[in-house]
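This briefing is for a reader who is meeting the structure below for the first time. It takes the topics one by one, beginning with the ligand.

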Amino acid sequence: MDGNGRWAKQRGRPRTAGHREGVKSVRAVVEESVRRGVETLTLFAFSSENWQRPRSEVNILMELFMSALRSEVRRLHKNEVRLRIIGARDAFPEKLQQRIAEAEALTANNRRLNLQVAANYGGRWDIVQATRRLIAEVQAGHLEPDAIDERIFAQHLSFPDLTEPDLFIRTGGEQRLSNFVLWQCAYAELYFTDALWPDFDEAAYGHALEEYSRRQRRFGRTGEQQAETLATVSSSYARG
Ligand code: IPE
Ligand code: MG
């Protein structure tokens with residue numbers, strides 16, 4: 001979710017006005033995901049590098065996070081959304097951590113949409129914390145180093161029970177991953193748009209999904225092999 005600051009600047013307003021406006025796009029994209037039957041939506045709200053911003057901006061972002069949790073959680077719950085926060089949450093104010101835990105507990109059994117908010121998240125941090133957990137298991141004698149493969153490694157990342165992202169969307173014109181879910185994005189389709197996050201609405205999101213539906217995902221195979229697999233899958237669907 002990039003471009004809040006520029007959106008505000010274009011209007012001669014403080015950067016924080018852009019963050020506030022961005023909350024509306026969050027609501028729009030979450031609700032559109034529910035309507036379209038998206039399984040999992042991960043929003044990158046605050047990176048581990050964002051602490052380097054001016055203290056006043058960081059404070060406002062924390063307050064916004066708090067107030068959004070307060071105002072949105074009931075609505076999320078009603079829409080059967082399961083909310084989880086991924087990232088090093090211990091760096092957040094105590095009160096915020098508590099509110100996060102309450103929101104997660106309330107929505108834990110919802111199955112319509114998995115909503116993950118990456119906060120104080122960094123892709124490299126995630127890989128490092130997975131490595132730490134693996135080493136602890138090896139030291140405790142529960143795991144043989146030779147048994148560690150990609151599947152087991154992935155099970156130790158921040159959200160092991162979820163499938164890898166199919167589509168990565170970045171708003172705001174920049175074309176980079178900026179330390180987002182690095183391991184999991186190995187085969188994600190990348191989509192970049194110049195739209196600033198506060199301008200990213202249902203239609204813009206629909207546009208990204210349409211473009212995604214036209215991509216051919218080969219996972220290292222040839223186009224012909226992939227077409228064959230799809231034909232097999234759809235004929236077994238047809239047979240029920
Ligand atoms: C939102 O956009 C990203 C957050 C950290 C909340 P920015 O704040 O990076 O906006 P720009 O890139 O300065 O326009
Ligand atoms: Mg930015």
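A backbone N or O atom of Gly3 lies 3.2 Å from an oxygen atom of ligand 1. The model is predicted.

**Ligand 1**

- Asn4 has a polar backbone atom 3.1 Å from an oxygen atom of ligand 1.
- For Gly5, the distance from a polar backbone atom to an oxygen atom of ligand 1 is 2.9 Å.
- Ligand 1 exposes 390 Å² when taken alone, and the protein buries 87% of that area.
- The residues around ligand 1 are Met1, Asp2, Gly3, Asn4, Gly5, Arg6, Arg15, His19, Ala45, Asn50, Arg53 and Leu61.
- At least two residues of this shell come from helix H1 (4-10), and at least two from H2.
- H1 gives the most to the shell around ligand 1, with 3 residues.

**Helix H3**

- Helix H3 covers residues 55-78, which is 24 residues; at 1.5 Å a residue it should span 34 Å, and its end C-alpha atoms, 35 Å apart, agree with that.
- There is a bend of about 45° in H3 at Glu72.

**Leu113 in strand E3**

- Leu113 belongs to strand E3.
- Leu113 counts as buried because its relative accessibility is 0%, where the cut-off is under 20%.
- Leu41 is 72 residues from Leu113 along the chain, yet their C-alpha atoms are separated by 7.4 Å.
- Beyond its neighbours within four places in sequence, Leu113 is in contact with Val30, Ser33, Val34, Val38, Glu39, Thr40, Leu41, Glu80, Val81 and Arg82.

**Asn110 in the loop between H4 and E3**

- Asn110 is located in the loop that joins H4 and E3.
- With a relative accessibility of 10%, Asn110 is counted as buried.
- The side chains of Asn110 and His77 make a polar contact at 3.0 Å.
- A polar atom of the Asn110 side chain also lies 2.9 Å from the backbone oxygen of Val81.
- Apart from neighbours within four places in sequence, Asn110 is in contact with His77, Glu80, Val81 and Arg82.
- Glu80, Val81 and Arg82 are also among the residues in contact with Leu113.

**Residues with a positive phi**

- Most residues other than glycine have a negative phi.
- Asn120 is not a glycine, yet its phi is positive, at about 50°.
- Asn120 is found in strand E3 and is buried, with a relative accessible area of 7%.
- Asn179, also not a glycine, has a positive phi of about 65°.
- Asn179 is in the loop between strand E4 (167-170) and strand E5 (189-192), and it counts as buried at 16% relative accessibility.

Conventions:
Residues numbered from 1 in each chain as written. Chains lettered and ligands numbered in written order. Predicted model: local features only at pLDDT ≥ 70, side-chain atom pairs only at ≥ 80, totals over all residues. Heavy atoms only, no water. Helix = DSSP H or I, 4+ residues; strand = E, 2+ residues; numbered from the N terminus. Expected span 1.5 Å × (residues − 1). Bend = angle between axes of the 7 residues up to and from the residue. Near = heavy atom within 4 Å. Polar contact = N/O pair within 3.5 Å; in protein donor to acceptor, adjacent residues only side chain to side chain. Areas by Shrake-Rupley, 256 points an atom, 1.4 Å probe, with all protein chains shown as cover. Buried < 20%, exposed > 50% of the residue type's maximum accessible area, 1.4 Å probe, protein only. Contact = heavy atoms within 4.5 Å.
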